[in-house]
Amino acid sequence: MKKIIAILCITLLIVSCGSSKKTTTKKGKQNTVKVDRKKKKAEKETEVVVVQEEAITETPEVYANKTEEYIAIFSDIAQNEMRNYQIPASITLAQGILESGSGSGRLSVEANNHFGIKCHEWTGAKIYHDDDASQECFRKYKNAKYSFRDHSLFLTERKRYSKLFELEKDDYEGWAKGLRAAGYATDRKYPNKLISLIERYQLYRFDADVLGKESKVSDKHAVVKGDTLYSISRKYNISVTELKSLNSLDGNDLFVGQILFVKPIPKDY
């Protein structure tokens, strides 16, 4: 009888141990599943954040033409040079546009040289390019901003340009004519080319900004090649709808030389 009782006790003990082990194992699986679910949820949330960040990426600026883009990129540098060296930003920009082909010329692309400055006593990197003579030596810069600085130093350190600094700081016409008179360029039309660029793209507004003057931005805009209603509206900070309304335009077509009003006409006009 005692043996039977002992066997029953041992049997019960084995069964209870086995069931407790099964419970522990089952519980462990449940915990693992919960952890996996949390991990997957966290990964999904991370994916959503990444997608949202990509969705708010800014759209690249759209410009009417390469000259407009050039002005947008280098106007700040030209203004900084004006503050430091008293050369009108409008003149610096116009010269850069004219001499670098709005940044598309070989010297500007391969050497960051926007003003065609030759080597002279230059000890830095060089590039050879056909100009007045075959394979002339030109300065090569690591960054375009150094080309703008060298342009400022080129004008301020040579006595033949000293009279230019006696002009009013925003006298771009005087500077344009004075540069050729001092021997900067041999092209007789050089002054007119600079003045035309300054007035077409209203580069004088950058001079006014540096000097703290009210800009004399025109109430009208002459359409140039590459202009669109959108680019013009962005330039004058008005909507396309307002621009079309000001000029009684039904469609979006423009033609070169077309004159558009870019500011509201006074009620008593």
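1. Start with the sulfurs: a search of the whole structure turns up 1 disulfide, a disulfide being a pair of cysteine sulfur atoms within 2.5 Å. That link joins Cys119 to Cys137, with S to S at 1.9 Å. Cys119 sits in the loop between H4 and S1 and Cys137 in strand S2, so the pair ties together parts that are 18 residues apart in sequence. The link of Cys119 and Cys137 is left-handed, with -65° about the S-S bond.

2. Some ground rules. This is a predicted model, where local features need pLDDT of at least 70 and side-chain atom pairs count only at pLDDT 80 or more, while totals for chains, interfaces and linings use all residues. Residues are numbered from 1 along each chain as its sequence is written, and side-chain values use heavy atoms, with hydrogens and water left out.

3. Next, the hairpin. Strands here are DSSP runs (E, at least two residues) and helices likewise (H or I, at least four), numbered from the N terminus. S1 (residues 126–129) and S2 pair in the antiparallel sense over 4 bridges; pairing takes at least two DSSP bridges between the strands. His129 has Glu136 in S2 as its bridge partner. The hairpin has 6 residues between the strands, and Gln135 takes a positive phi near 50°.

4. Which way do the S2 side chains go? In S2 (residues 136–139), Glu136 and Phe138 point one way, Cys137 and Arg139 point the other way, and all are buried. Buried means under 20% relative accessible area, exposed over 50%, and partly exposed in between (1.4 Å probe, protein chains only). Cys119, the disulfide partner of Cys137, counts as buried too, at 6% relative accessibility.

5. On charges, the whole structure holds 8 salt bridges, each a side-chain nitrogen of Lys or Arg within 4 Å of a carboxyl oxygen of Asp or Glu. One of them pairs Asp150 with Arg139, the closest N and O atoms being 2.7 Å apart. This pair links distant parts of the chain, with Asp150 in helix H5 (residues 144–156) and Arg139 in strand S2, 11 residues apart. Both Asp150 and Arg139 are buried.

6. Lys118 forms a salt bridge with Asp131, the closest N and O atoms being 3.5 Å apart. Here, too, distant parts of the chain are linked: Lys118 is in the loop between helix H4 (106–111) and S1, Asp131 in the loop between S1 and S2, 13 residues apart. Asp131 is partly exposed, at a relative accessible area of 44%.

7. Lastly, Lys193 forms a salt bridge with Asp187, with 2.7 Å between the closest N and O atoms. Lys193 is partly exposed at 36%, and Asp187 is partly exposed at 28%.
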